[in-house]
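Subject: Structure handover

Hello,

Here is the structure I said I would pass on. My notes on it follow below.

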Amino acid sequence: MEKRVYETLHEELFYEKMDNGLDVYILPKKGFNKTYATFTTNYGSVDNQFVPLGKTEMKRVPDGIAHFLEHKLFEKEDGDVFQQFSKQGASANAFTTFTRTAYLFSSTDNVEKNLETLIDFVQTPYFSDKTVEKEKGIIGQEIRMYDDNPDWRVYFGAIESMYHNHPVKIDIAGTVESIAQITKELLYECYETFYHPSNMLLFVVGPVDEQKMMQQIRDNQAKKSFPQAPEVKRFAYEEPSVVAEKKKVIPMHVQTNKCFVGIKAPSVPEAGEQKLRHELAFHVALDYLFGKSSPHYERLYREGLIDDTFMYDYTEERGFGFALIGGDTRDAERLASEIQTVLLSFSSEAVKKEEFERVKKKKIGAFLRALNSPEYIANQFTRYAFYGSNLFDILPALSSLAMDDIAAVASSCFRDSQIAVCEVVPKGQ
Amino acid sequence: MVDEKVTAVGPVRVHTISTDKYKTNTIVWKMKAPLAKETVTLRALLPYVLQSGTADYPSVKALRTYLDELYGATLNVDLTKKGEHHIMTIRIDVANERFLPEQTPLLAKAFQFLADLLFRPALDGGRFVTDIVEQEKRALRQRIQAVYDDKMRYANMRLVEEMCKGEPYALSPNGELEDVDGITAEGLYRYYERALAEDELDLYVIGDVAEEAVLHAVKQRFSLPDRPKRERASSVSVKPQGEVREVIERQDVKQGKLNIGYRTNVTYEDDDYYALQMFNGIFGGFSHSKLFINVREKASLAYYAASRLESHKGLLMVMSGIEPANYEKARRIIDEQMQAMKNGDFTDEEMAQTKAVIRNQLLETLDTPRGLVEVLYHNVVSTRKRPIDEWMAGTDQVTREDVVRVADKVELDTVYFLTGMEATKDGKTGV
């Protein structure tokens, strides 16, 4: 077991790679009641074409299958794992993103038992024809719920506009039609390919004894055997660097217009510190331009083009990166054009040093605040680890971020060819 | 378990929770008054105007620039109702300089900032700045209208409106659209003075700080007139008027939202409060509860099917998103679960499971500064004081008889269904 000390942050992290390839991290947190653990596979909705374990040919699977698998893994021959967790006083959950599927619990008692349950249920799949069919009704309602949600529609619509081929443009849950094609055989195939320990990471944060816990995990893994697994071969989608369509309009029964401007990064660094810096530089640039202390925010708010739903964020994952800026507005068209003007007229030379330093300070404070949250630590640490970056490097990376980093992001991304717009407008307008 | 020190400084109750488990320090300011049609919209606007400018930082830009300088101190405001009380909350969260290279006393600055925000707002000739008030009126209108576009929230709001017609609780904490236009900078300023003079005031400080330091800061910077003790607004839920009401509303939606309201006839004030929590936990509060198991897992009708309590008002609300055609089926299954509760048709295992999960949920809530304040604030809202340790013991001691006794008091009041334009109630598609 390796110990890593982050002195400025007063944190100690313990790490060990299990013999089967599983990466395990433990972050003891004194003073907290709860322990939070995530067991995550490097597998998400975009992984819809790959070479299944033991095969040689690429295979395309139905959209939404990673998310479907996440739901189904909770069900076992003798019942539902949720029941098991709640008997042990834990609250369990799971989520699927573009590139990850995470299973988690939090509990203040029976942590050892709950951890055992978490590892075992994720490593013991049980899919049957009957339960697969039943799940289609439940997920069908989950999809319907999102269909009726204009915030989701405008968010996802903007992503769709940006991408030509990349599966990031496909809804994580799939469609009612695509999930209809899912079978238990397909689920097993995805499971065996992506849930191999060498493709997974276990993170535990809470008031725990790291020695005892690591031993428990070692013992648990030693009892199980897994086939040798080569690194998963995923299909590399050809994606043009520019956006697919400039503008998409979705009429819905809403009272308020919604508008998002999307910025597509033409390419993103693959891994490591470089990737972390690229992501941070993007965040700092957006904060500088659209934060509440920016002149643009003030102007757009005064003109009634934005309100407190206004947000901006940058998402960078395996092989793609995009920013979204927008929210509710009285005039979607004008807001879209104002945001584009701000982006296209940005010049990093005009940024004053003190403004740049202030945005960095704000980011440092926000990072410290985020570290109050065990959920944030576990989820984000895992995300960065899958890219060979380190969450705890954010602090030094922020401090050393330079204007050149911002200039590089602006010159490659803040261009007309990289910008797409999606609007949700009241039907009949 | 939680070391809360409470000391009154003039009319402000100061609650200090000293802990070193966070990397930031949190200040929460709460102002409470009865929920009433005449004031609800003024109150919904006031904190948003206050956070738009102080005497020293008279614009959002100036104010936010200052907060960014303080290592991105966060400032946010919101409005809630607890029972028939309307509560304004202002939260400031600031990094603990212990983790920073620079040793600026950030918490002291945050205190000063809060005092300025509350007592030295940006003014123009003895009233709020008209431009700010007009801007925030527009934002408030948008906030009120936004509920319409979020069908889950909309259905919740509509159920409460229908169920509590004629009671203050029917009011939304974000105010009434029709009352926004009439608000002026003068009128709002007069209300601001009145709220500062009359509201019940609570200040919570959570972080790496001792009580003496907090009290010292408050004495220095918060000077407020004493106020007569208020009559407590009665929050207790009235009995349903005879028959169960059924409200069906049609919109262009794909998923129907079935929301059902019950009167619990038990509140935070009652001895049976912990039994009420247990009742809700077995019935619909969690993923092992009857609603989740029967509506979602067994019948495959919904992605979400749950219940929650408003324990100061004494309401239980079921919510679920279903295919419009499945209305009757979903209602029948939900009714059956309620009947099972009344019949005592639940196992000892369900009892034990629910106790464990409630205990866990409470402990987890106490891990976040925000959750901690919300739990402690129940004791401000209610005349009944429940220290955190009592929550644990109280829940543990609940027996199945207690749960059945509570179940017996729960009465169906209103069924609200938001459904698509075409499906008819009995599930046949219309033409």
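Helix H11 of chain A lies across S12, S13, strand S15 (320-329) and S16 of chain A, and runs at about 25° to S13(A). Helices here are DSSP runs of H or I with at least four residues, strands are DSSP runs of E with at least two, and both are numbered from the N terminus. Contact means heavy atoms within 4.5 Å. Axes are lines fitted to C-alpha atoms, for helices over the stretch in contact, and angles run from 0 to 180 degrees between N-to-C directions.

This is a predicted model, in which local features need pLDDT of at least 70 and side-chain atom pairs count only at pLDDT 80 or more, while totals for chains, interfaces and linings use all residues. Residues are numbered from 1 along each chain as its sequence is written, chains are lettered from A and ligands numbered from 1 in the order in which they are written, and side-chain values use heavy atoms, with hydrogens and water left out.

The sheet under discussion is open and has five strands, in the order S12-S16-S13-S15-S14 (chain A), with mixed pairing. Strand S12 (247-252) and strand S14 (311-317) of chain A are at the edges with a single partner strand each, so one side of each has no neighbour in the sheet. From one strand to the next, the twist averages 15°. Two strands count as paired if DSSP finds at least two bridges between them. Strands S13 (residues 257-264) and S16 (residues 419-426) of chain A pair in the antiparallel sense over six bridges; Phe260(A) has Cys422(A) in S16(A) as its bridge partner.

Glu338(A) is in H11(A), which spans residues 332-344. Glu338(A) counts as buried because its relative accessibility is 17%; buried means under 20% relative accessible area, exposed over 50%, and partly exposed in between (1.4 Å probe, protein chains only). Leaving aside neighbours within four places in sequence, Glu338(A) is in contact with Arg299(A), Leu300(A), Glu303(A) and Leu305(A). Glu338(A) and Leu305(A) are 33 residues apart in sequence, and their C-alpha atoms are 9.3 Å apart.

Strand S1 (residues 2-6) of chain A pairs with S2(A) in the antiparallel sense over five bridges, and Tyr6(A) stands opposite Glu11(A) in S2(A). Their hairpin has four residues between the strands, and His10(A) there takes a positive phi near 55°. S2(A) is also joined to strand S3 (residues 23-28) of chain A by four bridges, again antiparallel. That hairpin has five residues between its strands, with Gly21(A) in the turn at a positive phi of about 100°. Strand S2(A), residues 11-17, is mostly covered, with five of its seven residues buried.

In chain B, helix H8 (residues 273-285) and helix H10 (residues 327-342) pack at an angle of about 145°, with axes 10 Å apart. The contact involves Phe279(B), Ile282(B) and Phe283(B) of H8(B), and Ile334(B), Gln337(B), Met338(B) and Met341(B) of H10(B).

Last, the cores. A nonpolar core is a set of buried Ala, Val, Leu, Ile, Met, Phe, Trp, Tyr and Cys residues joined through side-chain atoms within 4.5 Å. The largest has 131 residues, and Phe414(A) and Trp29(B) have the most contacts inside it. Another core, apart from it, has 60 residues, including Ala302(B), Met338(B), Val380(B) and Trp391(B).

Regards
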